[in-house]
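Hi,

Here is the structure I promised to pass on.

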Amino acid sequence: MNFSEVFKLSSLLCKFSPDGKYLASCVQYRLVVRDVNTLQILQLYTCLDQIQHIEWSADSLFILCAMYKRGLVQVWSLEQPEWHCKIDEGSAGLVASCWSPDGRHILNTTEFHLRITVWSLCTKSVSYIKYPKACLQGITFTRDGRYMALAERRDCKDYVSIFVCSDWQLLRHFDTDTQDLTGIEWAPNGCVLAVWDTCLEVRILHHVTWKMITEFGHPATINDPKTVVYKEAEKSPQLGLGCLSFPPPRAGAGPLPSSESKYEIASVPVSLQTLKPVTDRANPKIGIGMLAFSPDSYFLATRNDNIPNAVWVWDIQKLRLFAVLEQLSPVRTFQWDPQQPRLAICTGGSRLYLWSPAGCMSVQVPGEGDFAVLSLCWHLSGDSMALLSKDHFCLCFLETEAVVGTACRQLGGHT
């Protein structure tokens, strides 16, 4: 495993292009586009204010930069660097901006979610959509880009509207049997639309009957001997180098700055660290706050917000808990390798954690100073990922699958 040099970054804004050729990052009001292979700067764009959001078009030819405080969106072209577009929402304000699937329309959500404005880059025409609901995932497109589903809130009830993306005309409108709709998502084939309320549990549904197959509970104690529980532990350097050991972290990177990180396989029953939710405040940390399927759909990773240090990995074929990783610090995020069942995890410290069916490992991120990994994103090839800290980012290059698999088996793998 190798690491690139460290580059400057602002607001954790760093994204690979959909075609995998470019890497965009932001430094205050500047947008930097690099070649993924050489990391040389290809284009440098200057925006009118500090950038708060970036997004590539689906064809990787354009990139939008949103400046919410100013109500502005600027669009840049990689093929024609001299061309650019500025969209000003004026007094309506701006809270969200995204591309349509064709990469030629931009959808801006105004303040207080009063409306969505659809801007065409080709015809310069404008369309308006009313009543968008303020929720985590209120807009979703079919994979073929033909239809858009929009979550709406009007007259104290939840609704969904279906629009045709070619002309933004309303196709269907219906209410939903939800108390407080949290998100919507199209099925991969575009034939079914899922709508959900606040997600407190993880339930697996059948894709034909849409009946519940099973429910995955997240108890504070693991009793099943078939479940492998990995516990991150600190190890003093003087005890010698074990197969799970890594160089000592930099000062301030962990609970014990002079110690090394390793994983230990715990014997069941195992009690996990729990966090008592503050139920008398808004949005208490309770229930399933994060989940993601592996690219082959064999595994599901979840995080229970009131057991914040643990990542749960479920075997979807056998519908059972496969492994649990308990970290020393709360899990900030995790993301699957796009090409294989390999999960990357970060906790806000100076280490990167990787899990695969063969086992798991902890890796110290090198470099001067404290590089606290706050977020990460995979390249579509699965050969590298970007690690993001508050003010910097670097690229992590992974070895081939065979080498990583051998290393993981040495690190306490299981079948």
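Predicted model: local features only at pLDDT ≥ 70, side-chain atom pairs only at ≥ 80, totals over all residues.

**The second largest pocket**

The second largest pocket holds about 570 Å³ of space. Residues are numbered from 1 along each chain as its sequence is written, and side-chain values use heavy atoms, with hydrogens and water left out.

A pocket here is an open set of points, on a 1 Å grid over the protein atoms alone, where a 1.4 Å probe fits, with protein on both sides within 12 Å along at least five of seven lines; lining residues have an atom within 4 Å of a point. Grid points are joined across faces, edges and corners, and the volume is the space filled by probe spheres set on the points.

β11 gives the largest share, 4 residues. By type, the lining has 14 nonpolar, 8 polar and 4 charged residues (nonpolar is Ala, Val, Leu, Ile, Met, Phe, Trp, Tyr, Cys and Pro; charged is Asp, Glu, Lys and Arg; the others, Gly among them, are polar).

**The protein as a whole**

There are 37 strands and 1 helix (DSSP runs numbered from the N terminus: E, at least two residues, for strands; H or I, at least four, for helices). Of the 415 residues, 48% are buried (under 20% relative accessible area with a 1.4 Å probe, protein chains only; exposed is over 50%, partly exposed in between).

How far can you trust it? The mean pLDDT (the predictor's confidence in each residue, from 0 to 100) is 90, and 89% of residues reach 70 or more. Over residues 239-258, though, pLDDT is below 50, and that stretch has 55 contacts beyond near neighbours in sequence (contact means heavy atoms within 4.5 Å). Residues 402-411 also stay under 50, with 15 contacts beyond four places in sequence.

Pro 81 lies in the loop between β9 (72-77) and β10 (84-88). Pro 81 is partly exposed, at 30% relative accessible area. Beyond its neighbours within four places in sequence, Pro 81 is in contact with Gln 43 and Tyr 45.

Cheers
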